[in-house]
Amino acid sequence: MSAQPVDLRDYRNLQAPKMQARILLVEDESDIAALTEMHLSDAAFDVRVANDGSQGLILASQHEWDLIILDIRLPGVDGLEICKRLRAAGDTTPIVFVSAKTTELDRVLGLELGADDYIVKPFSVLELTARVKALLRRQQQLASETNGAASSGRLQLGDLRADPSERSVHVNDNLVELTAREFDLLIHFMRSPGRVFNRAELLDQVWGYGYEGYEHTVNSHINRLRSKIESNPSQPDYIVTVWGVGYKLACQS
């Protein structure tokens with residue numbers, strides 16, 4: 001990655017969150033790790049660096065982070081496997097992949113595994129910083145929305161019940177296991193029953209920054225969500241398709 005002159009005034013224009021966020025950077029290329037750590041630290045983040053996948057997995061699993069930046073090609077355990085294990089364990093920490101892999105398939109795979117953004121090497125440090133801040137703001141917004149929903153109690157439609165404070169979902173009193181993204185998507189629908197969302201809106205409002213042009217990832221999440229909450233996913237009662245527009249949560253009598 002070629003270093004580019006950076007005007008520090010640009011960082012003042014990209015205001016960091018008020019509280020110092022803790023970031024884990026897992027990167028085996030020492031020059032990239034050092035440059036990225038320096039600029040993120042200059043932007044008022046608390047950065048810890050792991051130089052291989054095994055160390056990164058241990059740090060990611062045993063400590064609390066506000067955001068994790070993962071290279072994909074790592075010695076020991078690769079970044080995809082780290083992301084997969086964290087998501088399987090219920091860890092919802094925002095994850096940004098950085099990789100020299102540039103194809104659409106590579107990016108889609110990373111996002112489908114649960115990453116929140118994907119940046120291709122060589123990357124601009126200013127762009128990475130902006131994306132990190134956008135993800136942290138999005139995380140704070142989701143936490144605020146969840147707390148607000150929790151104060152008003154559970155959300156329910158027919159036999160479908162969700163508790164934002166416990167991040168739990170029940171159908172016919174049976175607990176349904178959802179991934180963090182599936183849960184956020186369902187809650188988004190349940191807060192606006194009957195409203196139709198197109199794929200671009202769902203990407204922006206549920207996934208956040210970095211997903212432009214990847215509307216098909218919405219389809220795959222909708223299909224997986226239906227398979228878990230619908231009695232007949234091919235003829236859904238809850239999340240229905242509005243042909244030519246998008247999806248909505250059906251209002252039930």
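This is a predicted model: local features need pLDDT of at least 70, side-chain atom pairs count only at pLDDT 80 or more; totals for chains, interfaces and linings use all residues.

Reader: In what order do the five strands of the open sheet with parallel pairing lie?

Author: Strands (E, at least two residues) and helices (H or I, at least four) are DSSP runs, numbered from the N terminus. Two strands pair if DSSP finds at least two bridges between them. Here the order is 2-1-3-4-5. Strand 2 (46-50) and strand 5 (117-120) are the edge strands, each pairing on one side only. From one strand to the next, the twist averages 20°; axes are lines fitted to C-alpha atoms, for helices over the stretch in contact, and angles run from 0 to 180 degrees between N-to-C directions.

Reader: Which helices pack on this sheet?

Author: Contact means heavy atoms within 4.5 Å. Helix 2 (residues 30-42) touches strand 1 (22-26), strand 2 and strand 3, and its direction makes about 165° with that of strand 2. Helix 4 (residues 79-88) touches strand 3 and strand 4, at about 170° to the direction of strand 4. Strand 3 (residues 67-71) and strand 4 (residues 95-99) run parallel and are joined by four bridges; I68 stands opposite I95.

Reader: What is the pairing in the open sheet of four strands?

Author: The pairing is antiparallel, in the order 6-7-8-9. Strand 6 (155-157) and strand 9 stand at the edges with a single partner strand each, so one side of each is left without a neighbour in the sheet. The twist averages 25° from one strand to the next. Four bridges join strand 7 (residues 160-163) to strand 8, where V169 is the bridge partner of A162. Helix 7 packs on this sheet, touching strand 6, strand 7 and strand 8.

Reader: How many residues line the largest pocket?

Author: Rolling a probe the size of a water molecule over the atoms shows where empty space is left. On a 1 Å grid over the protein atoms alone, using a 1.4 Å probe, a pocket is an open set of points with protein on both sides within 12 Å along at least five of seven lines; lining residues have an atom within 4 Å of a point. The largest pocket is lined by 41 residues, with D91, T92, R167, A180 and R181 nearest its centre. Helix 6 gives the most to this lining, with seven residues.

Notes. Residues are numbered from 1 along each chain as its sequence is written. Side-chain values use heavy atoms; hydrogens and water are left out.
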